[in-house]
Amino acid sequence: MKIPEFSTLQMTRTDPAHTGTAKLSDIAGAPFSGIPSAAEKGAEKTQLNFEDYLLNAMNSMNSQQIDVSNLEQQVLTDPDSVDPQDVTIAMAKARMSLNLAQTVIDRIVTGWNEITTTR
C-alpha cells in the first residue's frame, strides 16, 4: 500500500450563513505557518481518509525520532559538526510529536471503549 505524501487541510467557509467565503488564512493576514495551499502548489485536490492521516502522522513522528537518533550518533562520533541547540530542538520536536501521538491513540481507544460499552 502506497502512503500518500503529507498534505495540509485548507479550511474555507462554505456555508452561506457564515460571514464571508475567504480562506481562514486570508483573514488572519498570512497563511498558517507559511504552508502553501494545494492550489498554490499546483497539486490536485486529494481526499485523504482518516487512515491516511494517521499513517502520515505516524510516518512524520517516526522520521523525527530517526532524525534525533542520527543527530545523537553524530554528536558521539563528531561533536564539532553538530550544534547542541540543533540536537535540543530536534529532541523537543520528537518528544512533542510522540506525546501528541500518545494522546491521539489514548483518545481513539477511549472512544472505541465508549462505543463498545454503549451497545
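Analyst: Let's start in helix α3, where Asp52, Asn56, Met61 and Val68 are buried. Buried here means under 20% relative accessible area, while exposed means over 50% and partly exposed is anything in between (1.4 Å probe, protein chains only). Helices are DSSP runs of H or I with at least four residues, strands are runs of E with at least two, and the numbering goes from the N terminus.

A heads-up before we go on: this is a predicted model, in which local features need pLDDT of at least 70, side-chain atom pairs count only at pLDDT 80 or more, and totals for chains, interfaces and linings use all residues. Residues are numbered from 1 along each chain as its sequence is written, and side-chain values use heavy atoms, with hydrogens and water left out.

So what do those buried residues of α3 pack against? Their partner is α4, going by contacts, meaning heavy atoms within 4.5 Å. On α4 the buried ones are Val87, Ala90, Ala94, Ser97 and Ala101. Here's a handy bit of background: an α-helix has 3.6 residues a turn, so residues three or four places apart point the same way.

How far do these two helices reach? With its 28 residues, α3 goes 41 Å from first C-alpha to last, close to the 40 Å expected at 1.5 Å a residue. The expected span is 1.5 Å times one less than the number of residues. Helix α4 takes in residues 84-118, 35 residues in total, and its end-to-end C-alpha reach of 51 Å is close to the 51 Å expected.

Ser60 belongs to α3, and it counts as partly exposed because its relative accessibility is 34%. Although Ser60 and Ala94 are 34 residues apart along the chain, their C-alpha atoms are separated by 9.5 Å. Further along, Val104 is in α4, and it is partly exposed because its relative accessible area is 34%. Val104 and Leu54 are 50 residues apart in sequence, yet 9.4 Å apart in space, C-alpha to C-alpha. As for the loop between α3 and α4, that's where you'll find Ser81. Ser81 counts as partly exposed because its relative accessibility is 38%, and its C-alpha is 9.9 Å from that of Leu71, 10 residues away in sequence.

Val104 also belongs to a nonpolar surface patch with Phe50, Leu100 and Ile108, and together they have about 380 Å² of accessible area. Three of the patch residues come from α4, the largest share. Patches take residues with over 30% relative accessible area and no salt bridge, joining like charges within 9 Å and nonpolar side chains (Val, Leu, Ile, Met, Phe, Trp, Tyr) within 5 Å. A salt bridge puts a side-chain nitrogen of Lys or Arg within 4 Å of a carboxyl oxygen of Asp or Glu. The areas come from the Shrake-Rupley method with a 1.4 Å probe, and for residues only the protein chains shown count as cover.

Stepping back, the chain has four helices and zero strands. Buried residues make up 11% of its 119 residues. Of the contacts between residues at least 6 apart in sequence, 56% join residues at least 24 apart. The chain exposes about 9800 Å², with carbon and sulfur atoms supplying 57% of it.

How confident is the predictor? pLDDT, its confidence in each residue from 0 to 100, averages 76 over the chain, and 61% of the residues score at least 70. Over residues 26-35 pLDDT stays under 50, and the model has seven contacts beyond four places in sequence for them.

Definitions and conventions. pLDDT = per-residue confidence, 0-100.
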